[in-house]
Amino acid sequence: MRFLLYNIRYATGNGGRFHFPFPYAGYLRRSRENFDKIVEFIASVQPDVMGLVEVDGGSFRTGRRCQAEMIARQLGYYHVVETKYGCGSMAQRLPLLKTQGNAVLTRMPIVSHRFHYFDEGVKRLVIQACTEHLTVFLVHLSLTYRNRQYQLERLYKLIRAVDRPMILAGDFNVLWGMRELELFLGATGLVSANPEKKPSYPSRAPKRALDFILHSPELKVVQFQIPQVTYSDHAPLICDFTL
């Protein structure tokens, strides 16, 4: 089973052009050209399961079309997608932000799914998607250290209720490094698919390990790689598992 984790930055691009003619100007441009490159990359690596962070659910950047739905339709995946801000959040009322979310896509049918929400932080969504043999959690944790710790505590409670093979993946934003996750990994029994702590951010010259694929011990890593792909500010993570 091949798992792909990719923070695609809404397919808005990367590099100097992203910040021209003013900082973060790329967020305000159409994303179709870069999106097509991301879809081509996904098709080339043929993942069985994907966790996509920072997916555009249908803003002016995409011509009001959901990026997760387009990928699912083009490449033949089942999918679930949701806005990453909690109910009642100010972000839910802003035209651009309210379409920004995360998505899980799989080749196997998704037999059930739930959307959980943290109590802290701006980005609050936790996607839980279940296929016949696997449970996947996808997250995008807070940039604030204290909020991340509260969010990890909530994740621990969600994971403790699952008694089948699972993957917890996402952009963890652990700005203080892997040590932020040591107690969490010890409590949950999850294992990092990237024990060498290879960095994935920024994609053009990675220095930080912010993106993680964590898995239950029943899943054995056959191969882990971080391709040198620069369509986003994060590089993608690819992991091949066996049961």
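**Reading the model**

Analyst: Leaving aside neighbours within four places in sequence, Gln151 is in contact with Phe118, Glu120, Gly121, Lys123, Leu141 and Ser142. Please keep in mind throughout that this is a predicted model.

User: In which helix does Gln151 lie, and is Gln151 buried or exposed?

Analyst: The helix that holds Gln151 spans residues 145-160 and is α3. To judge its cover, we use the cut-off that a residue counts as buried under 20% relative accessible area. Gln151 has a relative accessible area of 0%, and therefore Gln151 is buried.

User: Which strands stand at the edges of the open sheet, and why is one side of each left without a neighbour?

Analyst: The open sheet is formed by six strands with mixed pairing, in the order β5-β6-β7-β8-β10-β9. Because each edge strand has a single partner strand, one side of each is left without a neighbour in the sheet, and these edge strands are β5 (112-117) and β9 (191-192).

User: Which residue of β7 is the bridge partner of Val126?

Analyst: Strand β6, residues 125-130, and strand β7, residues 135-140, run antiparallel and are joined by five bridges. If we look in β7 for the bridge partner of Val126, we find Val139.

User: Which residues of β10 are the bridge partners of Ile167 and Ser192?

Analyst: Strand β10 is joined to β8 (residues 166-171) by five bridges, and these two strands run antiparallel. Strand β9 is also antiparallel to β10, with two bridges joining them. In β10, the partner of Ile167 is His215, while the partner of Ser192 is Leu214.

User: Which residues of β10 are buried on one side, and which on the other?

Analyst: In a regular strand the side chains alternate between the two faces of the sheet, so each face has to be considered in turn. Strand β10 covers residues 211-215, and five of its five residues are buried. Both faces are covered, with Asp211, Ile213 and His215 on one side, and on the other Phe212 and Leu214.

User: Where does Leu175 lie, and how does Leu175 count in terms of accessibility?

Analyst: Leu175 lies in the loop between β8 and α4 (182-188). Together with Leu143, Tyr145 and Trp176, Leu175 makes a nonpolar surface patch of about 410 Å². The relative accessibility of Leu175 is 33%, so Leu175 counts as partly exposed.

Conventions:
Residues are numbered from 1 along each chain as its sequence is written. This is a predicted model: local features need pLDDT of at least 70, side-chain atom pairs count only at pLDDT 80 or more; totals for chains, interfaces and linings use all residues. Side-chain values use heavy atoms; hydrogens and water are left out. Two strands pair if DSSP finds at least two bridges between them. Helices (H or I, at least four residues) and strands (E, at least two) are DSSP runs, numbered from the N terminus. Buried means under 20% relative accessible area, exposed over 50%, partly exposed in between (1.4 Å probe, protein chains only). Contact means heavy atoms within 4.5 Å. Patches are made of residues with over 30% relative accessible area and no salt bridge: like charges are joined within 9 Å, nonpolar side chains (Val, Leu, Ile, Met, Phe, Trp, Tyr) within 5 Å. Accessible areas come from the Shrake-Rupley method with a 1.4 Å probe; for residues, only the protein chains shown count as cover. A salt bridge is a side-chain nitrogen of Lys or Arg within 4 Å of a carboxyl oxygen of Asp or Glu.
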